[in-house]
Amino acid sequence: MGGSGEIEKKRFSLRSSFKPAGDQPAAIDELTAALSEGRKYNVLLGVTGSGKTFTIANVIERLQRPAIIISHNKTLAAQLYAEFKEFFPENRVEFFVSYYDYYQPEAYLPGKDMYIEKDCDINQEIDRLRHSATHSILTRRDTIIVASVSCIYGLGSPELYERERLVIRKGDRLSRDSLLLKLVGIMYERNDIVFEQGKFRVKGDIVDVFPMYEEHPYRFELFGDEIEKISIFDPLSGHPLAGLDETMIYPAKHYLIETDKMNAILKEIRGDMDARSEEFRKEGKLLEAQRIAERVNYDIEMLQVMHYTKGIENYSRYFDGREEGTPPVTLLDYLPDDVLYIIDESHVTVPQLRGMYNGDRKRKQNLVDYGFRLPAAYDNRPLKFEEFFAKMKEAVFVSATPSDYELDLAEGRIIEQIVRPTGLIDPQITVHPTAGQIEKLLDYLEPVLARNEKALITTLTKKMAEDLSAHLGSLKYRVKYLHSDIDTIERYNIIKMLRTGEIDIIVGVNLLREGLDLPEVSLVAIFDADKEGFLRSRRSLIQTIGRTARNVNGQVVLFADIRTDSIELALSETERRRMRQIEYNKEHGIVPRTVVSSIKSGIEKLKKKDFKSDDDLDIYLKDLKRKMERLAKELRFEEAAEIREEIIALRKSFLFGEEKGK
């Protein structure tokens with residue numbers, strides 16, 4: 001861990017009106033014992049609705065160890081963050097995800113000779129939460145961080161981040177100008193009009209500072225060259241909330257440059273630029289030689305004057321003092337040695353962690369080869385999987401269908417959580433031959449729709465999804481199809497239409513990736529279930545079957561001529577889970593009931609809009625951006641993503657300003 005200051009050792013204290021039930025008590029005991037004994041890798045096989053989050057919360061309280069919970073997307077991370085904050089109201093529960101509302105990475109397309117400049121919108125609230133996460137883990141033991149895979153991307157050095165903090169005490173000899181210079185040195189900006197996180201303002205001998213990680217700012221009142229008073233105050237009313245004898249202010253940015261090392265860093269960058277430019281010239285690439293010299297010289301000038309430049313992360317290796325090819329500093333370097341890793345939905349999250357490095361490297365290759373970036377840009381990257389794995393000393397992999405990789409790590413030892421305290425049972429499954437499958441599907445649909453329930457149908461190809469949807473539509477069924485060609489806005493609207501009753505059936509290719517939580521669905525039909533492959537593997541079949549596990553009338557029909565190994569394994573596993581739940585329900589007198597889940601408001605489907613002028617479009621885009629930022633601040637990422645897709649679509653559809661005249 002990077003910190004050496006005093007760490008607050010407050011205990012984790014779980015608050016809940018529920019007591020562990022079903023398989024939870026046994027799972028909590030087994031996990032706690034395994035981790036206490038030093039077992040490095042553990043698998044919690046927990047079905048949907050079994051209360052896995054509550055189990056993990058109990059384990060954290062028993063172990064009294066900080067934890068990081070890694071999820072594969074922002075939306076699920078936000079749900080976990082909200083749940084853990086409710087479980088641990090007296091402790092630090094933090095949120096660390098990508099702070100971009102909109103992100104277009106820098107890229108070069110040689111075939112089109114097209115350079116795409118990095119374009120992004122940073123969500124200030126999420127940026128604050130990221131700073132709050134690093135601040136908490138450096139200062140308090142009772143910290144849980146819920147993160148997305150962005151936690152394996154480069155971040156500034158924790159040693160420098162903590163070393164550069166300001167410790168200010170009442171009675172310190174410190175002039176106002178010296179205080180202002182120190183604040184600027186740790187990347188705070190002066191703004192006497194707009195006062196928000198990362199800013200400070202000055203009124204005579206009063207200096208107000210709004211730390212990046214706090215919800216309330218500090219006020220320092222000076223008398224001559226002495227700190228006379230320190231207080232926390234309400235940023236809206238200005239009323240003081242508490243007086244302090246001392247406080248610490250951590251930097252406003254994670255990327256910091258030590259001033260006394262700046263000249264040496266710039267000299268190294270300039271040397272690499274000259275060498276790269278000479279290399280291009282020897283190869284006869286004069287355009288690339290000129291390009292790299294111009295771009296890097298501009299960045300050097302910005303760093304000299306501002307200590308910052310656009311794309312500063314591409315020079316992170318120089319700032320960190322790292323050798324070429326060495327791992328970047330990430331959030332994981334801020335964590336204490338005994339932190340517990342929880343990998344949520346591990347069957348999806350682990351492959352995502354594994355694939356991040358290769359995608360990043362491929363994009364950077366063209367930027368380096370064509371003179372847009374120095375080779376040092378390669379070292380601004382996510383961790384390779386083996387680098388991530390080396391940092392993860394103890395972990396719990398949580399999934400309803402853990403992969404062979406996790407099972408091998410755990411040496412086949414699985415802690416199961418199959419029984420749902422709610423009593424809901426896994427669906428009944430029927431296998432039918434493919435002959436006459438459409439007619440048989442209609443027989444299943446009729447009673448489902450008569451109960452005002454819904455159905456999901458999954459096919460292997462986009463063409464079949466479209467054709468089946470068209471056929472059902474011709475029979476007067478209310479149906480829509482989903483596949484990868486459907487954009488994000490339309491996809492969310494189709495799902496919303498199913499939940500609100502505008503349609504009754506969704507036909508899709510890969511309904512797993514949608515992250516559907518649809519208690520209205522009581523029927524899942526799987527066509528070509530015997531075509532072995534990713535979408536018809538044992539795990540994919542079990543995951544798809546689980547789509548009906550939130551409805552008391554849940555049933556699944558598989559259309560197949562051969563009972564493949566995957567089908568047999570999925571059938572036997574589902575039946576095993578059903579029997580366990582039925583026995584539990586009988587023993588405890590539980591009558592299962594369908595889950596009730598609220599329907600999110602969502603954003604209306606993108607319609608063709610006419611703009612009389614560029615100004616009208618600009619005003620509309622700014623309004624959309626404000627809505628997106630508000631939703632993201634409220635951690636309503638799915639709705640924010642819908643607006644982001646609309647902004648992107650409008651930017652692509654309309655040319656305005658200088659571009660219009662080209």
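Select Glu 345: it is partly exposed, with a relative accessible area of 23%, where buried means under 20%, exposed over 50% and partly exposed in between (1.4 Å probe, protein chains only). Glu 345 sits in the loop between strand 17 (340-344) and helix 10 (346-369); helices (H or I, at least four residues) and strands (E, at least two) are DSSP runs numbered from the N terminus. Although Glu 345 is not a glycine, its phi is positive, about 45°.

The model is predicted: local features need pLDDT of at least 70 and side-chain atom pairs count only at pLDDT 80 or more, while totals for chains, interfaces and linings use all residues. Residues are numbered from 1 along each chain as its sequence is written, and side-chain values use heavy atoms, with hydrogens and water left out.

Next, go to Asn 452, in the loop between helix 13 (437-450) and strand 21 (454-458). Asn 452 is not a glycine either, and its phi is positive, near 60°. Asn 452 is exposed, at a relative accessible area of 58%.

Stay with helix 10 and display Asp 360 and Arg 363. They form a salt bridge with the closest N and O atoms 3.4 Å apart; the term requires a side-chain nitrogen of Lys or Arg within 4 Å of a carboxyl oxygen of Asp or Glu. The two residues are 3 apart in helix 10, so about one helical turn separates them. Asp 360 is buried at 10% relative accessibility, whereas Arg 363 is partly exposed at 24%.

Now pick Glu 106 and Arg 373, whose side chains meet in a salt bridge (3.1 Å, N to O). This pair links distant parts of the chain, 267 residues apart: Glu 106 is in the loop between strand 4 (100-104) and strand 5 (107-109), and Arg 373 in the loop between helix 10 and helix 11 (385-391). Glu 106 is buried, with a relative accessible area of 6%, and Arg 373 is buried at 9%.

For another salt bridge, select Arg 173 and Glu 226 (3.8 Å, N to O). Arg 173 lies in the loop between strand 9 (166-169) and helix 6 (176-185), and Glu 226 in strand 14 (residues 226-233), 53 residues apart. Arg 173 is exposed at 65%; Glu 226 is partly exposed at 31%.

Asp 23, Glu 416, Glu 573, Arg 576, Arg 577 and Arg 580 can be selected together, as they are linked in a network of salt bridges. The whole structure holds 49 salt bridges.

Turn to Tyr 341. In the largest nonpolar core, of 59 residues, Ile 68, Ile 249, Tyr 341 and Phe 388 touch the most other members. Such a core is a set of buried Ala, Val, Leu, Ile, Met, Phe, Trp, Tyr and Cys residues joined through side-chain atoms within 4.5 Å. A second, separate core has 46 residues, including Ala 27, Leu 35, Leu 80 and Leu 635.

Ile 257 is the next stop, in the loop between strand 16 (246-249) and helix 7 (262-282). Ile 257 is buried at 13% relative accessible area.

Finish on helix 4 (residues 124-139), where 15 of the 16 residues are buried.
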